[in-house]
Amino acid sequence: MGLTAKRMGRFVFRGASVATLSLMLAGGSAIATEHSSPAYDVSTANHDLSGSDDFRVRVAAALFLGKTKSPASLIALEAALSDPHPAVRTAAAVALRTLGDPSAIGPLARQMKRESAPGTHAQMVTSIEALHAKTATAPAAPVVKYAVKLGNMKN
């Protein structure tokens, strides 16, 4: 059974539509592909956070960096606290809290004093409080509970 011209046209149109959509997604912005692409990593997110013109890409990169728990992202997130867009500053504060590094308290506190956006200011306060609580509950030194000896045991 052969394809009629009409059916062939639909087939070609659908194939072209799928190909176009695939190309758009492959070459599209980081917003569409960052979480689904295995190539999106800490260095790519750091680059997006510091170099993208789209604040939404910077927000997504900041949140991604917080979830990675990578110490390499700390510097980029601290720098993002002074981003021109308040949504990026808010995302950076959330990411620093998620990252959980107490050394972020100082940069958060300094930026909080200059912050003019109320929501961003509130998030910075929340992040600082959470990081303080984490340091207060962290044990100062590991406690040894058991000793293991290899070899003959004598009583």
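**Entry 1: aspartate 48**

I started with aspartate 48, which lies in helix 3, residues 42-51. This is a predicted model, so I take each position as computed. I looked up the exposure of aspartate 48 and found a relative accessible area of 13%. The cut-off for buried is under 20%, so aspartate 48 counts as buried. I then looked along the chain to alanine 62, 14 residues away from aspartate 48. The C-alpha atoms of the two are separated by 8.7 Å.

**Entry 2: the whole chain**

I stepped back to the elements. I count eight helices and zero strands in the protein. Read along the sequence, the pattern is α-α-α-α-α-α-α-α. Of the 155 residues in the protein, 32% are buried.

**Entry 3: confidence**

I checked the pLDDT next. The protein averages 77, and 66% of the residues score at least 70. Which element has the lowest mean pLDDT, and which the highest? Helix 1, residues 5-26, has the lowest at 38, and helix 6, residues 86-99, has the highest at 96. Over residues 8-36 the pLDDT stays under 50. For residues 8-36 I find 13 contacts beyond four places in sequence.

**Entry 4: leucine 65**

I moved to leucine 65, whose place is in helix 4. Is leucine 65 buried or exposed? Leucine 65 is buried, with a relative accessible area of 0%. Leaving out residues up to four places away in sequence, I list what leucine 65 touches: Val42, Ala45, Asn46, Leu49, Ser70, Ser73, Leu77 and Leu99. I also looked up leucine 96, which is 31 residues from leucine 65 along the chain. Their C-alpha atoms are separated by 8.7 Å.

**Entry 5: lysine 69**

I went on to lysine 69, in the loop between helix 4 (55-68) and helix 5 (74-80). I noted its phi, which is near 60°. That is a positive value in a residue other than glycine. Most residues other than glycine have a negative phi. I find lysine 69 partly exposed, with a relative accessible area of 49%.

**Entry 6: helix 6 and helix 8**

I compared the axes of helix 6 and helix 8, the latter being residues 118-137. The axes come within 9 Å and cross at roughly 10°. Angles under 35 degrees count as roughly parallel, so helix 6 and helix 8 are roughly parallel to each other. Which residues of the two helices meet? From helix 6 I list Pro86, Arg89, Thr90, Ala93, Val94, Leu96 and Arg97. From helix 8 I list Thr120, Gln123, Met124, Thr126, Ser127, Ala130 and Leu131. By class, this contact has seven nonpolar, five polar and two charged residues.

**Entry 7: glutamine 111**

I ended with glutamine 111, which lies in helix 7, residues 105-114. Its relative accessible area is 8%, so glutamine 111 is buried. What does glutamine 111 touch, not counting residues up to four places away in sequence? I find Leu81, Ser82, Arg89 and Met124. Arg89 and Met124 are also among the residues I listed where helix 6 meets helix 8. I looked up the distance from glutamine 111 to methionine 124 as well: they are 13 residues apart in sequence and 8.3 Å apart in space, C-alpha to C-alpha.

Key. Residues are numbered from 1 along each chain as its sequence is written. This is a predicted model: local features need pLDDT of at least 70, side-chain atom pairs count only at pLDDT 80 or more; totals for chains, interfaces and linings use all residues. Side-chain values use heavy atoms; hydrogens and water are left out. pLDDT is the predictor's confidence in each residue, from 0 to 100. Helices (H or I, at least four residues) and strands (E, at least two) are DSSP runs, numbered from the N terminus. Contact means heavy atoms within 4.5 Å. Buried means under 20% relative accessible area, exposed over 50%, partly exposed in between (1.4 Å probe, protein chains only). Axes are lines fitted to C-alpha atoms, for helices over the stretch in contact, and angles run from 0 to 180 degrees between N-to-C directions. Angles under 35 degrees count as roughly parallel, over 145 as roughly antiparallel, 65 to 115 as roughly perpendicular and the rest as oblique. Ala, Val, Leu, Ile, Met, Phe, Trp, Tyr, Cys and Pro count as nonpolar, Asp, Glu, Lys and Arg as charged, and the others, Gly among them, as polar.
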